[in-house]
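Subject: Structure handover

Hi,

Here is the structure we talked about. Please open it first, then read the notes below.

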Amino acid sequence: MRVAVTGGTGFIGGHLAACLARRGHDLVLIARGVDRSDHGLRLVAGSALVHASVIDGSRLRDAFAGCDAVFHLAGITAPRGAQTFEAVHVAGTAAAVEAARAVGVPRFAMVSSRFAAPDAPHPLFETKWRAEEIVRDAGIEHTILRSAAVYGRGDHVVNAVARAVTTRTVYPLDLRRRLLRPLAVADLVTVLAASLDDSRLVRSTVTVEGPDEVAVADLVRVVAMALRRKPVCVRVPRWLHPFDRGAIPVMVDGSAPPTALPTATATLPADLAPRIRFTVGAIVDSLPSPAARPAAVV
Ligand SMILES: NC(=O)c1ccc[n+]([C@@H]2O[C@H](COP(=O)([O-])OP(=O)(O)OC[C@H]3O[C@@H](n4cnc5c(N)ncnc54)[C@H](OP(=O)(O)O)[C@@H]3O)[C@@H](O)[C@H]2O)c1
């Protein structure tokens, strides 16, 4: 199959592209080409990279032409200039759906957040909700995966915590006790790849979460164990949180479980249920090699 992936150069997009390439699919990866933080994930043989914004409908139509499926993964966690949540998540999703329909792409899958909701406390999750609604209302053969925070090589959660516990001896935690179900990127990619041809996932919105429920404090502890560190964790009010701009990203800290799930939400088929446990071993696999890690502050 010929498959387009918006955000195909990002963390999840890179892992998905590698999986689809291994299965013999031809890939069109679409991104502006701005994020160049981990080139290792992007060198997927046999893929074409199209430098375009998801807001540019005509570039998307050209990129999607002849494709059998679109995976829509382009997204942001912080606004910057014209890259607002409204522009990338809402207008970008509307443009992607429209372009897929215009050139007759039969399958459309999107990664949303488990915390997307109309009354979400952070605009990231509120705009993700509106993006979901655009896809659900478009009348296309779609799959929406409402994902928990995802970890793996090149991620934005475990690696951010790892940087913090490597360079600091004190780790500040929010006063609120937030529970998470971290999802291994390999498990998410398995479900995404299945959505290409598994009829059980057509016209469905499903929540995808890891098998283990962990508090943020436990997540920090497991990451620290993987790095053989022993940070002192202290609970401080959010306004005193010195790592607010980095250590625990908005995917974790700005999120809250939605008060009501979308009516369309279905249960993930049991054989596709995530299985990778949140263990020290899984975390070690998510981290750069020791030589590539930041030096500890002594
Ligand atoms: N990571 C998680 O824990 C998690 C959890 C739930 C849901 N999700 C969702 O999954 C998707 C992928 O997440 P990720 O962690 O892989 O994100 P990521 O690593 O930040 O990658 C984002 C990708 O989107 C591209 N992008 C950003 N703005 C764009 C634009 N205007 N036009 C085209 N491409 C654009 C980026 O490339 P350029 O910047 O070069 O354009 C990059 O390829 C996102 O939609 C995110 O909301 C992620």
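A residue counts as buried if 20 or more other C-beta atoms lie within 10 Å of its own, as exposed if 12 or fewer do, and as partly exposed in between. On that basis, 44% of the 298 residues in the protein chain are buried. Keep in mind that this is a predicted model.

Overall fold. The protein chain has nine helices and 14 strands. Among its contacts with a separation of 6 or more, 81% join residues 24 or more positions apart.

Ligand site. The ligand is surrounded by 31 residues. Gly7, Gly10, Ala31, Arg32 and Gly75 are the closest. By class, the shell holds 16 nonpolar, 13 polar and two charged residues. Four elements each supply at least two of the shell residues: α1 (11-22), β2 (26-31), α3 (85-102) and β5 (107-113). The biggest contribution comes from α1, with three residues.

Helix α1 against α6. Two packed helices are described by the angle between their axes and the distance between the axes. The axes of α1 and α6 (residues 185-194) come within 10 Å and cross at roughly 60°. That angle makes α1 oblique to α6. The crossing is right-handed. On the α1 side, the contact uses Ile12, His15, Leu16, Cys19 and Leu20. On the α6 side, it uses Val185, Leu188, Val189, Leu192 and Ala193. By class, that contact has nine nonpolar residues, one polar and no charged.

How enclosed is α6 by the rest of the structure? Seven of its ten residues are buried, so α6 is largely enclosed. The buried residues are Val185, Asp187, Leu188, Val189, Val191, Leu192 and Ala193.

Helix α2 against α3. The axes of α2 (residues 57-64) and α3 come within 9 Å and cross at roughly 45°. So α2 is oblique to α3. This crossing is right-handed. Gly57, Leu60, Arg61 and Phe64 of α2 meet Ala95, Ala96, Glu98, Ala99, Ala100 and Ala102 of α3. That contact divides into seven nonpolar residues, one polar and two charged.

A buried loop residue. Ala148 sits in the loop between β6 (142-147) and β7 (150-151). Is Ala148 buried or exposed? Ala148 is buried, because 23 other C-beta atoms lie within 10 Å and the cut-off for buried is 20 or more. Leaving aside neighbours within four places in sequence, Ala148 contacts Arg114, Leu180, Arg181, Pro182, Leu183, Val208, Glu209 and Gly210.

Two arginines with positive phi. Most residues other than glycine have a negative phi. Arg203 has a phi near 50°, a positive value. Arg203 lies in the loop between α6 and β11 (204-208). Arg203 is partly exposed, with 14 other C-beta atoms within 10 Å. Arg228 also has a positive phi, about 55°, although it is not a glycine. Arg228 is in the loop between α7 (216-226) and β13 (232-236). With 7 C-beta neighbours inside 10 Å, Arg228 counts as exposed.

Best wishes

Methods:
Residues numbered from 1 in each chain as written. Predicted model: local features only at pLDDT ≥ 70, side-chain atom pairs only at ≥ 80, totals over all residues. Near = placed C-beta within 6 Å. Nonpolar A, V, L, I, M, F, W, Y, C, P; charged D, E, K, R; others polar. Axes fitted to C-alpha atoms, helices over the stretch in contact; angles between N-to-C directions. Parallel < 35°, antiparallel > 145°, perpendicular 65-115°, else oblique. Left-handed = near helix turned anticlockwise from the far one by under 90°. Contact = placed C-beta atoms within 7 Å.
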